[in-house]
Amino acid sequence: MKFLVVDDSVTMRRIIINSLQRIGYNDFVEAGDGSEALERFDASIDCIITDWNMPVLGGLEFVQQLRQREDGRRVPVLMVTTRSARDDIVAAAQAGVNNYVVKPFTPQVLKEKIDQVLAPVAKAN
Amino acid sequence: MADRDRVLSEMLSESEAALRMMDAILEELQAGDDDGEDAVTEHVAAQVMQRLEAVTAGSTDLTALVMHVYLDVIETLKILRRTRSALERTTVEQVQATQEKLLEVSSTTELAATDLLDGLDRAIGMIDRLDSLAAEGNTEESEKLRAELRDELFRLIVVLQFQDIAAQQLSHASNVLRGVERRLERVVGLLDDADLVSSSESAAGTDAADHAHDRPRGYDPAASMLGAEDRQALADEIFSPAANADG
């Protein structure tokens with residue numbers, strides 16, 4: 001299972017990757033913003049974890065552009081962000097985000113949401 | 001001699017009357033709002049001219065001088081009023097909000113530091129116990145304690161999320177201060193007659209221009225360590241299968 005972890009904060013990328021390693025995942029690609037993530041995304045990516053507020057191209061715009069790509073329509077996307085206004089969360093759902101984690105998160109919540117977004121993938125396999 | 005005294009006395013009396021009238025006009029202008037300011041000024045200017053002509057009894061030089069002073073005072077008042085409202089409109093609330101954000105950063109970093117220190121104390125205590133267990137040869141208990149130590153260290157890693165959130169809060173505060181600085185520069189510009197109208201208009205348009213571009217920002221102005229559970233509950237509600245089925 002290969003993850004694309006998108007966050008402009010190196011600290012947050014390390015925390016998320018560390019959390020994923022604790023759950024048992026070990027294959028990662030990192031990106032510092034949405035634009036970089038679009039470049040690094042390919043068919044080998046099984047799941048994307050992205051922040052919202054990033055320079056150059058934000059997380060929401062990244063997901064919108066990803067969903068327009070043939071190879072990016074189905075990949076599960078988990079948004080991990082400080083943004084928690086109802087309108088923001090609804091906008092994320094409408095953009096094609098599969099689940100949502102509010103920062104600061106607990107390892108339990110992150111694991112739970114990763115399990116939820118990966119459940120359909122596991123079922124398909 | 002008596003004639004000269006009479007003339008002086010009349011001039012003094014007329015000057016006092018003119019000053020009282022100016023006071024009344026200034027009070028009237030200070031009480032007025034910005035809307036229709038020019039119309040009020042024109043109306044009052046006509047009154048001033050009329051009364052000045054009456055009190056100065058045809059002395060055109062004095063009339064012109066007092067009128068010039070009057071117009072200068074009015075123009076200065078206008079500038080000061082625009083300066084005051086520009087400051088009030090654009091800075092006070094933002095500075096207060098930024099101050100609150102900075103206090104939250106301070107409290108967040110202190111709480112995180114306390115969390116880290118507590119965790120490190122617990123980890124050191126566990127290592128000490130591991131040493132004792134090793135001396136006793138108790139491998140079963142050591143195994144259990146090592147797992148606890150890993151959990152504790154991982155928990156400390158997760159605590160470091162405060163860095164991301166505090167960085168976003170500081171970016172927001174820095175951005176607000178840059179905005180305040182920009183606006184203060186424009187307020188200073190307001191005091192320059194030549195830029196009076198254009199500076200005032202551009203100052204008013206700044207917020208709209210900033211928001212209209214809606215450039216991607218590397219921070220969330222509302223980022224907070226507080227109330228994460230409630231905020232997560234809202235996200236769960238929106239992303240719940242039932243909500244998706246309804247939508």
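**Charged pairs and their surroundings**

A: Arg69(A) and Asp71(A) form a salt bridge in which the closest N and O atoms are 3.1 Å apart; the term stands for a side-chain nitrogen of Lys or Arg within 4 Å of a carboxyl oxygen of Asp or Glu. The model is a predicted one, in which local features need pLDDT of at least 70 and side-chain atom pairs count only at pLDDT 80 or more, while totals for chains, interfaces and linings use all residues. Residues are numbered from 1 along each chain as its sequence is written, chains are lettered from A and ligands numbered from 1 in the order in which they are written, and side-chain values use heavy atoms, with hydrogens and water left out.

Both partners of this pair are partly exposed, Arg69(A) at 25% relative accessibility and Asp71(A) at 38%; buried here means under 20% relative accessible area, exposed over 50% and partly exposed in between, with a 1.4 Å probe and protein chains only. Another salt bridge joins Glu70(A) to Arg73(A), again with the closest N and O atoms 3.1 Å apart. In that pair Glu70(A) is exposed, with a relative accessible area of 63%, whereas Arg73(A) counts as partly exposed at 46%.

Lys113(A) forms a salt bridge with Asp236(B), where the closest N and O atoms are 2.8 Å apart. Because Lys113(A) lies in helix α5 (residues 107-124) of chain A and Asp236(B) in helix α7 of chain B, this pair joins two chains. Helices (H or I, at least four residues) and strands (E, at least two) are DSSP runs, numbered from the N terminus. Lys113(A) is buried, with a relative accessible area of 4%, while Asp236(B) is partly exposed at 27%. Salt bridges that share partners also link Asp7(A), Asp51(A), Lys103(A) and Asp164(B) into one network, and over all chains the structure holds 17 salt bridges.

One residue of this network, Lys103(A), is also touched by Ser224(B), whose other contacts include Pro104(A), Glu104(B), Ile165(B), Gln169(B) and Arg231(B), not counting residues up to four places away in sequence; contact means heavy atoms within 4.5 Å. Ser224(B) sits in the loop between α6 and α7 of chain B and is buried, with a relative accessible area of 10%. A polar atom of its side chain lies 2.9 Å from the backbone nitrogen of Leu226(B), which is a polar contact, that is, a pair of N or O atoms within 3.5 Å, of which, within protein, one must be able to donate a hydrogen and the other to accept it, and residues adjacent in sequence count only if both atoms are side-chain atoms.

Asp220(B) is placed in the loop between α6 (196-213) and α7 (228-239) of chain B. Asp220(B) is buried yet has no salt bridge, the nearest side chain of opposite charge being that of Arg83(A), 5.1 Å away; for charge, Lys and Arg count as positive and Asp and Glu as negative, while His and the chain ends are not counted. The backbone nitrogen of Arg83(A), however, lies 3.4 Å from a polar atom of the side chain of Asp220(B). Among the residues that Asp220(B) touches are Asn53(A), Thr82(A) and Gln168(B).

In chain A, strand β4 (residues 77-81) has five of its five residues buried. In a regular strand the side chains alternate between the two faces of the sheet. Here both faces are covered, with Val77(A), Met79(A) and Thr81(A) on one side and Leu78(A) and Val80(A) on the other. Strand β3 (residues 47-50) of chain A runs parallel to β4(A) and is joined to it by three bridges, with Ile48(A) opposite Val77(A); two strands pair if DSSP finds at least two bridges between them. Strand β5 (residues 99-102) of chain A is likewise parallel to β4(A), through four bridges, and there Val101(A) is the bridge partner of Val80(A).

Chain B, for its part, has eight helices and zero strands.
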